[in-house]
Amino acid sequence: MTLDARPEFLIQPVDASWLQCNIECQEACPVGTNCRGYLNLAAEGRFEEGYILSREPNPVAAMCSYVCSAPCERACRRGDIDRPLAIRAMKRFLVEWHEASGIPDVMPHIEARAERVAVVGAGPAGISVARELAMKGYGVDVFDSLPYAGGTMLIGVPAFRLPREAIEMDVRLVERLGARFHYSTTIGVDVTFDDLQRDYDAVAITAGAMNPVALDVPGADLEGVQYGVDFMKRANLGEPIEVGNDVVVIGGGYTAMDCSRTSLRHGAENVAIVYRRTRSELVVDEEELGETEREGVRMEFLASPVEVIGEDGHVTGVKFIRNKLGEPDASGRRSPVPIPGSEFVIKADTVIPAVSQAADLTFLPVEADFEVNRGRIKVDPATYATNVRGVFACGDFVTGPTTLIAAAGHGKKCAYAIARYLAGRTDVTVAANVKMTSAWAFEMPEFYDVLPRQHIPMTPLEARIPSTDPDVNFTTQVEQGYDATGAVAESTRCLMCNFNIWFDPFRCVLCGACADVCPEGVIHMVDINQLKSEGLLPELEEAYGWQDGAAMVLDEERCIRCALCVKRCPFDAITMERFELQEVSSDGRLYKESYRDAQLAGRPGVAGGMG
């Protein structure tokens, strides 16, 4: 094998946009939570300030602390070294610490406006729309057909994963802002959609996607077939459930996992989840899958149902066919292709299809003539407006089933669009205020680079189903969460990606001492002619062709911010620069308050954050 003696290095100019994208956890969060900020505050024992920072941008922070899909963790750069930060579990610690502390949430002073907005649906998207509009002083009324708020979080997620107190925490804060919730109120029955259009200046539809997609195989109408969303709704509302000894769950998402674990708690002895793709294509997080398997659920991959088998009108089993992976489909994933002659049967008393859900459009007046595509209301992606004036829509109702945090992010953006509509604004500009602060004395916490990811404490298996009463089993929490010691240790692992290494070209003498001391080998001294730039970089263009030209290059993706290079440089040519960014729009919205962590507690807003 021949090694390239002169590899090329692709370099990028460092500007505010690049620096912000370098904070990958925050960029991955649909609501822009400053994960790094509250981790750093927790590492210093400043738990209340960490709670404020985690709560401020997130209307459903308490719910997220238990069941967020945590896209921030998948983006966390620490995952390139060992394992990512347990960001969701850290948020749970801060939420529970705040709740136990008795410290009251600070509410902002709000100037009331005359305009009123109706929100149809009290799920994550609806709660987000309500909070953002109430913060701006609009009168908000939220209508939901369920007896409590939460939407899919209430009827779709089991109480052993999401305690109902967490839903109440989020709703309580929105109510304190002035939003009013109307439960057990069905639009189209108790209140007509025409009434909403007449009585409110705008209507936001956030009704979710709670109708099950039918299983299209013979035998799907047999007794014993219970669709996942309906099954979980009955379990969450305390209605009686019969599952028998053998349960087969079809699907590979969170609903499938929840249905299987709920079946165990209601007396099932053998539970299998059958998924048509591979294990690596499951859409659930590592902890959820791991705990599902530890509880005894059997996973069967690369198999699709072809028939539900029954006797005397009742389910007795499901016939499946094995799959192999074929060519990629429209989503980029390789499509499962049936293998002829590979059929097999799994015994079942209950079959729970949990493959997808659809939105219910029946409450919409036909004469309103909404544009619909594949069972979903069409909206302008920039404004979330439907083709009916004054009516907006967002969340799962528009996108189909997503995640809690994605729906919340959708709701926030929709609320901003509604506020612009009510104010008569058509365009908004965002001004970025960037600040860079040099730090020669930068120090990372002791042992931050060798600390392993802290195990999230779990209830022992034998204590998860402690009773013959399924209600007790259903409400027994599986995850216990960190104590203060574990929380500080875990948050100490953060790499503080808002700090970046800077070279002063007028001081650097190209001695290479920084490259020698770097433990990760991310600093290189290279020939100037080995560098390539994505865009025009005048300094580089001028230097091409220099016979002895050299440059110091740094791989920011792998830098662990240890600052050894800063300490080693004999000419003080290297500094650690603290990056701060605030983005404020011309309509008064704060789009991103990133890094002034220590100052947030004294600023007005929900729970003390910026409004």
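The model is predicted, and local features need pLDDT of at least 70, side-chain atom pairs count only at pLDDT 80 or more, and totals for chains, interfaces and linings use all residues. Residues are numbered from 1 along each chain as its sequence is written, and side-chain values use heavy atoms, with hydrogens and water left out.

Me: At what angle do the axes of α3 and α7 cross, and is that parallel, antiparallel, perpendicular or oblique?
Reply: Helices (H or I, at least four residues) and strands (E, at least two) are DSSP runs, numbered from the N terminus. Axes are lines fitted to C-alpha atoms, for helices over the stretch in contact, and angles run from 0 to 180 degrees between N-to-C directions. The axes of α3 (residues 35–43) and α7 (residues 87–101) come within 11 Å and cross at roughly 55°. Angles under 35 degrees count as roughly parallel, over 145 as roughly antiparallel, 65 to 115 as roughly perpendicular and the rest as oblique, so α3 is oblique to α7.

Me: Is the crossing of α3 and α7 left-handed or right-handed?
Reply: A crossing is left-handed if the near helix is turned anticlockwise from the far one by less than a right angle, and right-handed if clockwise. For α3 and α7 the crossing is left-handed.

Me: How many nonpolar, polar and charged residues has the contact of α3 with α7?
Reply: Contact means heavy atoms within 4.5 Å. From α3, the residues C35, Y38, L39 and A42 meet I87, M90, K91 and L94 of α7. Ala, Val, Leu, Ile, Met, Phe, Trp, Tyr, Cys and Pro count as nonpolar, Asp, Glu, Lys and Arg as charged, and the others, Gly among them, as polar. By class, this contact has seven nonpolar, no polar and one charged residues.

Me: How is α3 oriented to α4, roughly parallel or roughly antiparallel?
Reply: The axes of α3 and α4 (residues 47–55) come within 8 Å and cross at roughly 170°. That angle makes the two helices roughly antiparallel.

Me: Which residues of α4 does α3 meet, and how do the residues of the contact divide by class?
Reply: On the α3 side are G37, Y38, L41 and A42, and on the α4 side F47, E49, G50, L53 and S54. By class, the residues of this contact are five nonpolar, three polar and one charged.

Me: Where is T33, and which residues is T33 in contact with?
Reply: T33 sits in the loop between α2 (24–28) and α3. Buried means under 20% relative accessible area, exposed over 50%, partly exposed in between (1.4 Å probe, protein chains only), so T33 at 1% counts as buried. The C-alpha atoms of T33 and P57 are 5.8 Å apart, although 24 residues separate them along the chain. Leaving aside neighbours within four places in sequence, T33 is in contact with Q26, Y38, S54, P57, N58 and K91.

Me: What phi does Y384 have, and what phi does A563 have?
Reply: Y384 lies in the loop between β17 (376–377) and β18 (391–393), and at 9% relative accessibility Y384 counts as buried. A563 lies in the loop between β23 (550–554) and α22 (564–568), and at 2% A563 is buried. Neither is a glycine, yet phi is positive: about 60° for Y384 and about 70° for A563.

Me: Is D449 buried, exposed or partly exposed, and which residues does D449 touch?
Reply: D449 is placed in the loop between β19 (430–439) and α17 (461–464). Its relative accessibility is 39%, so D449 counts as partly exposed. Not counting residues up to four places away in sequence, D449 touches R78 and I560.
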